[in-house]
Amino acid sequence: MRQPGFVAPAGVVAVVAVALLAASAAGQQPAGDAAGFEPARTPWGDPDLQGIWSPGYILTPLERPDEFAGQEFLTDEDVAALEERASVRRRDVRAEPGSVEDVEGAYNEAFTGRGKEVIRTRRTSLIVDPPDGRIPFTAHGRAVADAAREKMRSELADGPEDRRDLDRCRGVSVPFISGTSGTFSRLVQTPGSVTLYHEDGHIGGGYRTVALDGRPHVPAHIRQWLGDSVGRWEGATLVVDTTNFTGLASFNGSGEQLHLVERFTPVAADLIMYQVTVADPEAWTSPWTIELPLQRIDNRENQIFEAACHEGNYAMTSILAGARVLERQGR
């Protein structure tokens, strides 16, 4: 899964300063993590996490860049430099007419997403464990992850199977840690269960219903795209345990043995700290953990607009048709 660096790609402008919580480079935790916050309760007594939540446009990289090696948090000087770099406008400026850059940048500011909660914790990576902020790959996991990245760059188009998931509209996968698209998740609670809907724009969406009644996972031979999720409450934290993946939706080298433990902790009325620990002994030498703040979105309309990617997937048709034209031209 692609994770960009701190500098926003074309069309993504980060509004950094207003999104920062008080935290220091010395390792102080964000103010939102302060003990003592008591979330509202549902009529049946569970912590109320219902609503629409989003991390904004994620500009913090998944892995810690070399320039921040050994540095867990950003300094004030780092933040100032990032503000300056991320505030550069990337739209409404034409590249050379007819160039690839001109065609690929053919959008204007009206359709440009802006990140507002991108580095709220001031961390230098989304990975909080291991301490170096890097994925602890095995040789096998590294090979699988490298192959997936190569496929993202590949121009092969003999058939739809050659294309990346973004082109194939295969839908979201979990853990739901997307790149720069400004994703949304909706949580709905009932006595004994929680349902999550994840929406990632033109990539698609997916539903997960998490039982909270203590049931075990389904038998090992039953495999699902989003896995099998069961949950429990630990105080005000919703803990979701997910296994039984198919292995088709690889996450940074993972396969069928992927095991997720997600923790949704409300730390303020408008903020959930999301942590997910991932494990797969074939892909990684040890489990590793990602942290991401989820901001409550204005729920007055109470809507997430479904992208319905497969309805008229013109991109795939055009990609394959274009490849046939190039073949006929001997290219």
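Me: How many salt bridges does the structure hold?
Reply: This is a predicted model, so local features need pLDDT of at least 70, side-chain atom pairs count only at pLDDT 80 or more, and totals for chains, interfaces and linings use all residues. Residues are numbered from 1 along each chain as its sequence is written, and side-chain values use heavy atoms, with hydrogens and water left out. A salt bridge here is a side-chain nitrogen of Lys or Arg within 4 Å of a carboxyl oxygen of Asp or Glu. The structure's total is 11.

Me: Which residue forms a salt bridge with arginine 123?
Reply: Side chains of opposite charge can pair when their charged atoms come close. For arginine 123, the closest N and O atoms of the pair are 2.8 Å apart. The partner is glutamate 291.

Me: How many residues apart are arginine 123 and glutamate 291?
Reply: Arginine 123 sits in the loop between strand S3 (114-115) and S4. Glutamate 291 belongs to strand S12. Strands (E, at least two residues) and helices (H or I, at least four) are DSSP runs, numbered from the N terminus. The pair links distant parts of the chain, and the separation is 168 residues.

Me: Are arginine 123 and glutamate 291 buried or exposed?
Reply: The classes rest on relative accessible area, with a 1.4 Å probe and protein chains only: buried is under 20%, exposed is over 50%, partly exposed is in between. Both arginine 123 and glutamate 291 are buried.

Me: Which residue is linked with Arg123 and Glu291 in a network of salt bridges?
Reply: Arg123 and Glu291 already pair with each other. The network that links them also takes in Glu72.

Me: Which helix holds both aspartate 146 and arginine 149?
Reply: Their side chains meet in a salt bridge, 2.6 Å from N to O. Aspartate 146 is partly exposed at 36% relative accessible area, and arginine 149 is partly exposed at 33%. The two lie 3 residues apart, about one turn of the helix, in H3 (residues 139-153).

Me: What is the relative accessibility of aspartate 213?
Reply: Aspartate 213 meets arginine 215 in a salt bridge of 2.8 Å, N to O. Arginine 215 is partly exposed, at 49%. Aspartate 213 also counts as partly exposed, at 48%.

Me: How many of the residues of strand S12 are buried?
Reply: S12 covers residues 288-296. The strand is largely enclosed by the rest of the structure, because the buried count is 8 of the 9 residues.

Me: How many bridges join strand S11 to S12?
Reply: Two strands pair if DSSP finds at least two bridges between them. S2 (residues 51-56) runs antiparallel to S12 with 2 bridges, and S4 (residues 127-129) pairs with S12 in the antiparallel sense over 2 bridges. S11 (residues 271-279) is also antiparallel to S12. Its bridges to S12 number 8.

Me: Which residue in S12 is the bridge partner of tyrosine 274?
Reply: Other strands face S12 too: tryptophan 53 stands opposite arginine 296, and isoleucine 127 stands opposite isoleucine 290. For tyrosine 274 the partner is leucine 292.

Me: Within what arc do the buried residues of H5 fall?
Reply: Met316, Leu320 and Ala323 are buried in H5. Seen down the axis, they line one face of the helix, because their arc (taken from the directions from the helix axis to the C-beta atoms) is within 55 degrees.

Me: Which exposed residues does the face of H5 turned away from its buried side carry?
Reply: What covers the buried residues includes helix H4 (165-168), where contact means heavy atoms within 4.5 Å. The face turned away carries Tyr314, Thr317, Ser318 and Arg328.
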